[in-house]
Structures are given as C-alpha cells and as structure tokens.
Amino acid sequence: MFNKLRPDQMVDSIYDIDYLKLAEHGIKGVIADLDNTLIPWDTDEISQDLLNWVDALKSAGLKLAILSNSFSLSRVENMSAKLDIFAASKAIKPRRGGFRNIAAHFGLSPNQMAVIGDQLFTDILGGNRAGMHTILVLPLSKAEFIGTKLMRLLERFFLSRLKIDRKKTGT
Ligand SMILES: [Mg+2]
C-alpha cells in the first residue's frame, strides 16, 4: 500500500499541470477531485480561471470528469452543470469503482486516465489502485471537513516517509 500512496506528479495547483504533455503521453481522460482541488471546500463559486482551464483541457481533446466523495449531490451536480462535465458524488474514494466507472463511461482504459486531487488517502491512493496516472495538488483552502483535518496529520506522516515536500513543485 505504501507505494500506492506515491503520486506520479506533484504541482501547486491544477493551473500548473502541463495537460498538453499529458495528452502527448497518451492521457485522454482526466478525473478531478472537486473540493479543495477545483474549488475551495467552503465555496460554490466558479472562477473565470477554472472555466478557462476546463475549456483548455476540452480543446486539447481531453475528457474531463469530477469524482467527489461529497455527499452533497446538489453541490456536485451544480458544478457538473456549470462546467458542462460528467460528475459523480459519494465516490467512496479510495475505492476503485468510481474511477473505473468514469473510465468505462469515456470508453478509456485506466492507463489513458489521469487523476488530480489534493488528498493522498482518497485521490492518490484510489487513482493509483485504479492503475491511473496520479497528480497531487496543494489544497486550495485551509477550511476542511473535520475528518479531513484529522487525515491531514496522517498524510503529513506518510509524505515525510515518502520524502515528499509538498511545498516543492515539479517531479
Ligand atoms: Mg479534495
């Protein structure tokens, strides 16, 4: 399990991801976490930067989906509608099912998929278990669900074991 916690790539934010390079390497689909990856956990607002980013990925021929552990169906559906991308909530990441369902929905195999998320134990572990390329981003907001805050303590321990300094970018 230890190796499955290691992200393939680390960047500060989604805007630092070289999606053209991903496409060059055969990635055709991208699964993004919602809370603290695409938008801060405590808002529903979609920035123009995010809209532009989504458009840029689509223009590059990448299929994009949101996979969230959130139980707020309306919040996830609202984002799905506003960004015009496929989305699934209550994903129970790190379970593989949600990741694989999206790949199947796109008609892609796991090795054609990239996963972007801010949490090791849900996004990165789940993406790696599903056999996808994983990209860890820094959380957008310090505001988080209480359970997530506790997981951050454990996450810090594993990041240090993996010799990963989240403040450093690029891999
Ligand atoms: Mg998140």
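## Helix H6 and the residue after it

In this predicted model, Lys163 follows helix H6 and has a positive phi, near 55 degrees. H6 itself covers residues 146-161, and its 16 residues should span 22 Å at 1.5 Å a residue, which agrees with the 24 Å that separates its end C-alpha atoms.

## Helix H2 and its buried face

H2 has 12 residues, and the distance from its first C-alpha to its last is 16 Å, close to the 16 Å expected at 1.5 Å a residue. Leu50, Trp53, Val54 and Leu57 are buried in this helix; seen down the axis of H2, the buried residues fall within an arc of 95 degrees, so they line one face of the helix. Gln48 and Ser59, on the other side of H2, are exposed.

The cover over the buried residues of H2 includes helix H1 (19-24) and helix H3, together with strands E2, E3 and E5. Just after H2, Gly61 adopts a positive phi of about 85 degrees.

## Nonpolar cores

The largest nonpolar core has 25 residues, and those with the most contacts inside it are Val30, Leu38, Leu50, Trp53 and Ile116. At least two residues of this core come from each of strand E2 (29-32), helix H2 (48-59), strand E3 (63-67), helix H3 (73-83) and strand E5 (113-117), with H2 giving the most, namely four residues.

Trp53, which is one of the buried residues of H2, is in contact with Ile14, Tyr15, Leu38, Leu64 and Ile116 when its neighbours within four places in sequence are left aside.

## The magnesium site

The magnesium ion is coordinated at 2.1 to 2.2 Å by Asp33 and Asp118 through OD atoms, and by Asp35 through O. Along the sequence, these donor residues follow the spacing D-x1-D-x82-D.

Distant parts of the chain are linked here, since Asp33 lies in the loop between E2 and H2, whereas Asp118 lies in the loop between E5 and helix H5 (120-129), 85 residues apart. Both Asp33 and Asp118 are buried.

Conventions. Residues are numbered from 1 along each chain as its sequence is written. This is a predicted model: local features need pLDDT of at least 70, side-chain atom pairs count only at pLDDT 80 or more; totals for chains, interfaces and linings use all residues. Side-chain values use heavy atoms; hydrogens and water are left out. A nonpolar core is a set of buried Ala, Val, Leu, Ile, Met, Phe, Trp, Tyr and Cys residues joined through side-chain atoms within 4.5 Å. Buried means under 20% relative accessible area, exposed over 50%, partly exposed in between (1.4 Å probe, protein chains only). Contact means heavy atoms within 4.5 Å. Donors are N, O and S atoms within 2.8 Å of the metal (3.2 Å for Na, K and Ca); water is not among the atoms, so sites may look incomplete. The expected span of a helix is 1.5 Å times one less than its number of residues. The arc is that of the directions from the helix axis to the C-beta atoms.
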